[in-house]
Amino acid sequence: MKTKLATTRIVELRRITRYRLAATAQFWWCTREQVSANSKGITRDVSTTGVFVAASLCPPMGARVQLDILLPRIDGGAVGVRLHGEGTVLRVERLNSKTTGFAAALHFYPEFLDESVLSSHGNP
């Protein structure tokens, strides 16, 4: 008797490529009581239009969020680029007994933190 094995095929519906990246993330949001809240976490993946962050404290689904991702310099120095994004939390999920995570659709604004980046290319 021949047995046919069922195969599971995952279909990716996202149109934007996600990049695996573990970087420090700081984020801010307002609670339902309009009180400012903030927390820190580690990114799991990042795209040009969003992010997933693992953290012990997450903003609720639907919250407006501001987020900074601190990227290290390629040469191993301190932080080289801060990606600042603003957007909306799309989902919150439990990752394990101590950690949750959230996905957010964001619009990013890159900022160079090290002014020597400009001076090293001959700019005043």
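Modeller: In this predicted model, strand 3 and strand 4 (residues 50-55) pair in the antiparallel sense, with five bridges between them. The link from strand 3 to strand 4 is a hairpin of two residues. Within this pairing, Val46 lies opposite Val51 in strand 4.

Strand 3 (residues 36-47) also pairs with strand 1 (residues 19-20): these two run antiparallel and are joined by two bridges. Here Tyr19 stands opposite Val46 in strand 3.

Ala25 stands opposite Gly41 in strand 3. The hairpin of strand 2 and strand 3 has five residues between the strands, and in this hairpin Gln34 takes a positive phi near 65°.

Now to the single residue. Ser39 belongs to strand 3. Ser39 is buried, because its relative accessible area is 12% and buried means under 20%. Apart from neighbours within four places in sequence, the residues in contact with Ser39 are Ala25, Gln26, Phe27, Trp29 and Leu57. Leu57 is 18 residues from Ser39 in sequence, but their C-alpha atoms are 6.2 Å apart in space. The side chain of Ser39 also reaches the backbone oxygen of Leu57, at 3.3 Å.

Note on methods: Residues numbered from 1 in each chain as written. Predicted model: local features only at pLDDT ≥ 70, side-chain atom pairs only at ≥ 80, totals over all residues. Heavy atoms only, no water. Pairing = 2+ DSSP bridges. Helix = DSSP H or I, 4+ residues; strand = E, 2+ residues; numbered from the N terminus. Buried < 20%, exposed > 50% of the residue type's maximum accessible area, 1.4 Å probe, protein only. Contact = heavy atoms within 4.5 Å. Polar contact = N/O pair within 3.5 Å; in protein donor to acceptor, adjacent residues only side chain to side chain.
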